[in-house]
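Welcome to this short tour. Keep your viewer open and select each part as we come to it.

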Amino acid sequence: MSSNDLIKVVFTPEERDAINQSLQAVADIINAKAPVLSNDDRRKYGSVADRNKLVINKAKTYLGQFPQFKPVKLDNAEFTNDYESRSDIETFMMNMADLQRKLTDIKILLDHDNYQAALAFYRSVRYNAQEKVASAIPIYNDLKQYFTHSESNAEEEEAE
C-alpha cells in the first residue's frame with residue numbers, strides 16, 4: 001500500500017484544536033454580523049455583476065473628488081463603511097475559497113489512499129474466505145455486497 005500512498009497528512013491534536021478554535025473564532029465574528037436572508041431576499045437583492053462593481057468603484061472615486069455632487073440623503077460615512085466591508089469580505093471569501101480548494105485536494109488524495117487500502121483488504125479477505133478461513137467468511141460476505149461481479153473486477157484491476 002505504501003507505494004500507492006499519494007499523500008501523507010497527519011494533524012496533531014494541537015493542530016486540530018488550533019484549526020477548530022480558529023474556525024470557531026471566525027464563525028463567531030461572522031455570525032454576529034451576518035443576516036439570514038430568505039431565498040426571496042436573495043432573489044430580491046441579487047448580486048452585483050462585475051460591470052456594476054465598476055460603477056460602484058467609479059462612484060466611490062468621484063464622490064471623494066467631487067463631494068458637491070453628493071446626494072443629500074447619501075450618508076458618505078455609511079457608503080464608505082459598506083464599501084470597505086464589502087472589499088474585506090471579498091478578500092475573506094477568496095482566502096476561504098483557496099483554503100477550501102486545498103482541503104478538497106487533500107481529501108481527494110486521502111479518499112483515494114483509503115479506498116485503495118480498503119480494496120487491498122477486501123482482496124485479502126476474499127482470498128482467505130475462498131481458502132475457507134472461518135473468520136474471513138463473514139467479513140467477506142459483508143463486504144462483497146459493495147461489489148457487483150463486473151464492478152468488482154474493474155475496481156480491483158484499477159487498484160492493482
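Start by selecting H4, which gives the largest share of the lining of the largest pocket, 15 residues. Helices here are DSSP runs (H or I, at least four residues), numbered from the N terminus. You are looking at a predicted model, where local features need pLDDT of at least 70 and side-chain atom pairs count only at pLDDT 80 or more, while totals for chains, interfaces and linings use all residues. Residues are numbered from 1 along each chain as its sequence is written, and side-chain values use heavy atoms, with hydrogens and water left out.

Stay with the pocket. On a 1 Å grid over the protein atoms alone, a pocket is an open set of points where a 1.4 Å probe fits, with protein on both sides within 12 Å along at least five of seven lines; lining residues have an atom within 4 Å of a point. Which residues lie nearest the centre of the largest pocket? Select Ile30, Ile89, Phe92, Met93 and Met96, out of 35 lining residues. Helix H1 (13-33), helix H2 (39-45) and H4 are the elements that give two or more residues to this lining. By class, the lining has 21 nonpolar, five polar and nine charged residues. Here Ala, Val, Leu, Ile, Met, Phe, Trp, Tyr, Cys and Pro count as nonpolar, Asp, Glu, Lys and Arg as charged, and the others, Gly among them, as polar.

Next, select helix H3 (residues 50-65) with helix H4 (residues 76-130): they pack at an angle of about 135°, with their axes 12 Å apart. Contact, meaning heavy atoms within 4.5 Å, involves residues including Ile56 and Leu63 of H3 and Phe79 and Tyr83 of H4.

Last, select helix H5 (residues 136-143), which packs with H4 at an angle of about 130°, their axes 8 Å apart. So H4 is oblique to H5 too. Among the residues making this contact are Phe121 and Tyr122 of H4 and Ile137 and Tyr140 of H5. The contact of H4 with H5 divides into nine nonpolar, one polar and one charged.

Key:
Axes fitted to C-alpha atoms, helices over the stretch in contact; angles between N-to-C directions. Parallel < 35°, antiparallel > 145°, perpendicular 65-115°, else oblique.
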